[in-house]
Amino acid sequence: MALNRKIAYIDLSTGKIEIKPIPIDVRRKFLGGRGLDAYLLYNHTEKGCNPLGPKNTLMVSGGILTATLASATARTHVMAKSPLGGMIGSANMGGFFAPELAWAGFHHLVIKGKAEKPVYLWIHNGKIEIRDARHLWGKTTTETQWAIREELGDDDIKSMVIGPAGENLVRFANVMTGIKNSGGRTGMGAVMGSKNLKAIAARGTLDIKIAHPKEALEYNKRFIDQITSAKVNQTQGALGTPFIWGATNSWGGVRCRNFQYNQELYCDEIEPEAIDEVCTETMGPDHMAGCFGCQVHCRAKYKIPTGPYAGVYDEGPEYTSQGAFCGEPDCRSIETLLTGNHLVDQWGMDNLETGSIISWAMELYELGILGSKETDGLDLRFGNDEALLEMVRRICFREGWLGDTLAEGGIIASEKIGKNSFDYLIQVKGVSNLHSDERGTPALALNIATASRGSDHLRSRPAIDLYHLPEGVLRKIYGTPVPYDGPLSSEHTEYIGKPWQVFWQENCYMAVDCLGICKYHTVFLGATLPNFEDWPKVLYYNTGLEFTPREIWDIAARCNMIERLFNLREGLIREDLYRGDMLNHRYFDEPTRRGAPDVVGRVIDREKFKKMVDEFYEHKGLDQNGIPKPETLKRLGLEKEPSHLL
Amino acid sequence: MGKVLAISQEKCTGCRLCEVVCSVFHDGISNAARSRIKVMKWESEGLYIPMSCQQCQDAPCMIICPVKAISRDESLSRVMVNQNKCIGCRACVAVCPFGAMNFNIIDRKVFKCDLCDGDPQCVRFCEVKAVDYVEADRVSTSKKRSAAEKISAARKEAAVLESELH
């Protein structure tokens, strides 16, 4: 059964491997996935450790429902102290790795130390072996995966790997599985690289007994019908996430020219429909692919139509690639988009961070803060497609002064570049923001400012705030499983009631990440999708464990608080621009220049923002400095952390 | 003759939900290794092909079985294995041209698609209809239709080109 999946502690310095069961009382406190990873991180890392040193601890996991009959339990979670901002590092990816890991007998891996030479882990039906990976070092992400299959003689092996960027300790290198599934954010690939760990390969044929198989089947059918009947998922299933970028761009909610503009004009070539055309031409009309067990199938397949990589197969591109290779650097060519997407996939670097940091450098170049001496002659102006792609390469291989500097991530790079370069860096906790502009949407601004892993939309964004849903509908969603009778507003430019929505979403997304399912299967983009009321049934039918919706809410709040405790231990200060819950001054001082009438000309009001943060802290049970009150820790059972239960 | 499993590989999204529902329905266990259907993948080309038993009329597995454990069940147009007679010699596994006969290393018996007694779960859960359950004589109809659509589209394009010339 799912509950007998194990946890393995792997010390790469000594080669020692220890395998243990995961006790039920730990499950009842933290479920699994990101929540349990956060607990493990807090318990297994020393305060202030070097994120790229052997003392950092890397967690890899599936959720408690991974590979069971709950819809889309495809997600793999990876966690460590982040080399990008020094706060919590956390990345989550789809694909097929976590289910294979679960069939191989494991839900959680805790990886410590540093191997002397490059190695990879081979995990097969309850056994773990550390193998030589010197021959894999230097290979791209897909070359590595196929080489492992060839070496071990099994095409069904699923691996999570790093590419050259992870080996070169680019601080925003990602981990990857398959063609394009990426655990992108916060530099988890660099942590793997720092441990000389090239890959983790899994293959399993161990049974996962379903507690109530008949009910699990029937409930899953209902679940799928609910999920696929949502219009937003049908559109995702046809156009993928590019549709979100296109829709958001239409009203002025994306980021262009490193936050100078909030809408990209004259960009027909990179609209979702144009991308879909290339996919259809190169892969046929049925060109969407799905992650494990998922009926949304939001991943497009394509071949690059023109240019030096013409005919090469890849998958995506996602919203973040449109932002990274089009909107932000102000390039509008589909060839650049699909080629850039391919390069970061192959080399293993976060497309979001890559596009953001190059666009930041482009603005610095146009302002004269960077000159051709620093760029080694590269004309790094906005809209220069060739310079953009060349810069991606230089960062991955740390070539030239600027390539090597930008590979360090925004905060360290801003120290090296000096002058007032930091003022132009759009980041929170050292992590670049999604290529979206939140000046017209205070709820979303609060979300990115307070997200645990740094500026990010997948930790607490109330995306449905943009739908102007009637207050009654909002009350129905946000009033369970804990009652809420405070204000709620259907108006996306408002500040009132938003802290509760962000708090609710923070718990919702944490619950999903503990279960191991995808956010397209909950209240993220679709207001009608499953949440707290539905999960107890899925959990019970698949694992036999009984929970109330309220208990799942409490678990999520507990796990979010552990992440908070970790960040506080690493030096989080409320209004600190480097490591706080604070936004770049441009959010408050520079009005948006484009967009719909209710978006153009907007800034975030400093005082109202402060009040939102106050309120958000109050909901979470934090004091005004963002530190948990003693009674909050007691209520969540966290007063004795680190408690070393596992 | 009844319904058959019709696979349109170009529609498959590669999600493998069919494998999970198959093993849960039959064994109460999630394990792709227990599934009667398996999605074969060429990931570097984005090619996914679900493979399952074709319930052959002249089934090689049935012919080769030395103990006559395999027979046709005409009521559901399927080929069935009698587990009481099966000696686990795996001759049927070796001879099946589609690799659709499987051997379970835990129970040490062969197993294959039984069409879930007339309600194939892989079909029920496949939203894109890459796996469908249709009357045997209708399988080719949808292919005829899509081929005909292409001819029709080509004809319209030709007409447009011709009118542009004038």
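This is a predicted model: local features need pLDDT of at least 70, side-chain atom pairs count only at pLDDT 80 or more; totals for chains, interfaces and linings use all residues.

1. Residues are numbered from 1 along each chain as its sequence is written, chains are lettered from A and ligands numbered from 1 in the order in which they are written, and side-chain values use heavy atoms, with hydrogens and water left out.

2. *The sheet in chain A.* An open sheet with mixed pairing is built from six strands in the order E2-E1-E6-E3-E4-E5. Strands E2 (17–21) and E5 (88–93) of chain A are at the edges with a single partner strand each, so one side of each has no neighbour in the sheet. From one strand to the next, the twist averages 15°. Helices (H or I, at least four residues) and strands (E, at least two) are DSSP runs, numbered from the N terminus, and two strands pair if DSSP finds at least two bridges between them.

3. Helix H2 (residues 33–44) of chain A lies across E1, E3, E4, E5 and E6 of chain A, at about 20° to E4(A). Such angles run from 0 to 180 degrees between N-to-C directions, with axes fitted to C-alpha atoms, for helices over the stretch in contact (contact means heavy atoms within 4.5 Å).

4. *A covered helix.* Nine of the nine residues of H17(A) are buried, where buried means under 20% relative accessible area, exposed over 50% and partly exposed in between (1.4 Å probe, protein chains only). The cover includes strand E17 (427–428), H19, helix H22 (586–589) and helix H23 (606–620) of chain A.

5. *Backbone spots to look at.* Cis peptide bonds join A:Thr480 to A:Pro481, with omega about -5°, and A:Glu641 to A:Pro642, with omega about 0°. A:Phe259, which is not a glycine, has a positive phi near 80° and is buried at 0% relative accessibility. A:His468 also has a positive phi, about 55°, but is partly exposed at 38%.

6. A:Arg185 is buried at 7%, and A:Asp350 is buried at 3%. A:Arg398 and A:Glu408 meet at 2.7 Å, N to O. There is also a network of salt bridges linking A:Arg34, A:Arg459, A:Asp513, A:Lys519 and A:Glu563.

7. *A surface patch on chain B.* B:Met40, B:Trp42 and B:Leu47 form a nonpolar patch with about 260 Å² of accessible area together. B:Trp42 sits in strand E3 (residues 38–42) of chain B and is partly exposed at 42%. Patches are made of residues with over 30% relative accessible area and no salt bridge, with like charges joined within 9 Å and nonpolar side chains (Val, Leu, Ile, Met, Phe, Trp, Tyr) within 5 Å; areas come from the Shrake-Rupley method with a 1.4 Å probe, and for residues only the protein chains shown count as cover.

Key: A salt bridge is a side-chain nitrogen of Lys or Arg within 4 Å of a carboxyl oxygen of Asp or Glu.
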